Amino acid sequence: MTDELMTIREMCDAYEVTPRTLRFYEAKELLFPIRQGTKRLFTRRDRARLKLILRGKRFGFSLEEIRQLLDLYDIGDQQVTQLSKSYELAHARLADMEHQRDELEEAITDLKAQLAWGQKMLQSLQAKDAAE
């Protein structure tokens with residue numbers, strides 16, 4: 001992408017989001033497009049922020065967590081605080097995701113066992129009915 005400004009339609013096409021999504025992120029003070037009447041023009045900074053927002057959402061971060069991380073960019077310490085806080089939150093999120101995966105794998109194993117039992121019971125009952 002270049003330094004040029006992008007319209008809402010161009011942003012939607014480039015990032016596969018809806019205009020409603022972009023307006024929502026603007027209302028939540030995550031994006032700050034230039035307003036020209038009713039027209040919104042998005043800068044390179046807005047595009048970078050949107051990429052981070054979408055990545056954060058994909059990883060399961062709340063919009064508030066994402067906003068707080070984005071706001072740390074401007075504190076003037078060469079993003080040390082932002083990167084440290086991002087690392088800390090990402091590490092905790094990864095642990096949560098791994099725990100959820102483990103619970104899901106356990107539930108899948110249990111469900112497969114129940115299905116196998118159900119199949120055997122059905123076959124037994126059907127064989128019994130056929131014999132009668």
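Biologist: Leaving aside its neighbours within four places in sequence, which residues is Glu26 in contact with?
Modeller: Contact means heavy atoms within 4.5 Å. With neighbours within four places in sequence left out, Glu26 touches Leu31, Pro33, Arg35 and Arg40.

Biologist: What kind of model is this, and which atoms do side-chain values use?
Modeller: This is a predicted model: local features need pLDDT of at least 70, side-chain atom pairs count only at pLDDT 80 or more, and totals for chains, interfaces and linings use all residues.

Biologist: Is Glu26 buried or exposed?
Modeller: Glu26 sits in helix α2, residues 19-27. Helices (H or I, at least four residues) and strands (E, at least two) are DSSP runs, numbered from the N terminus. Buried means under 20% relative accessible area, exposed over 50%, partly exposed in between (1.4 Å probe, protein chains only). The relative accessibility of Glu26 is 16%, so Glu26 counts as buried.

Biologist: What is the relative accessibility of Cys12?
Modeller: Cys12 belongs to helix α1. Beyond neighbours within four places in sequence, Cys12 contacts Val17, Thr18, Pro19 and Leu22. Cys12 counts as buried, because its relative accessibility is 3%.

Biologist: How far apart are the C-alpha atoms of Cys12 and Leu22?
Modeller: Leu22 contacts Ile8, Met11, Cys12, Val17, Leu31, Phe42 and Leu50, leaving aside neighbours within four places in sequence. Cys12 and Leu22 are 10 residues apart along the chain, and their C-alpha atoms are separated by 8.0 Å.

Biologist: How are α4 and α5 oriented?
Modeller: Axes are lines fitted to C-alpha atoms, for helices over the stretch in contact, and angles run from 0 to 180 degrees between N-to-C directions. The axes of α4 (residues 63-71) and α5 (residues 80-131) come within 9 Å and cross at roughly 155°. Angles under 35 degrees count as roughly parallel, over 145 as roughly antiparallel, 65 to 115 as roughly perpendicular and the rest as oblique. So α4 and α5 are roughly antiparallel.

Biologist: How do the residues of the contact of α4 with α5 divide?
Modeller: Ala, Val, Leu, Ile, Met, Phe, Trp, Tyr, Cys and Pro count as nonpolar, Asp, Glu, Lys and Arg as charged, and the others, Gly among them, as polar. Glu65, Leu69 and Leu70 in α4 meet Gln82, Lys85, Ser86 and Leu89 in α5. They divide into three nonpolar, two polar and two charged.

Biologist: What is the orientation of α3 and α4?
Modeller: Their axes come within 10 Å and cross at roughly 140°. Therefore α3 and α4 are oblique.

Biologist: What is the phi of Glu16?
Modeller: Glu16 lies in the loop between α1 and α2. Glu16 is exposed, because its relative accessible area is 75%. Its phi is positive, in a residue other than glycine, and near 55°.

Terms used. Residues numbered from 1 in each chain as written. Heavy atoms only, no water.
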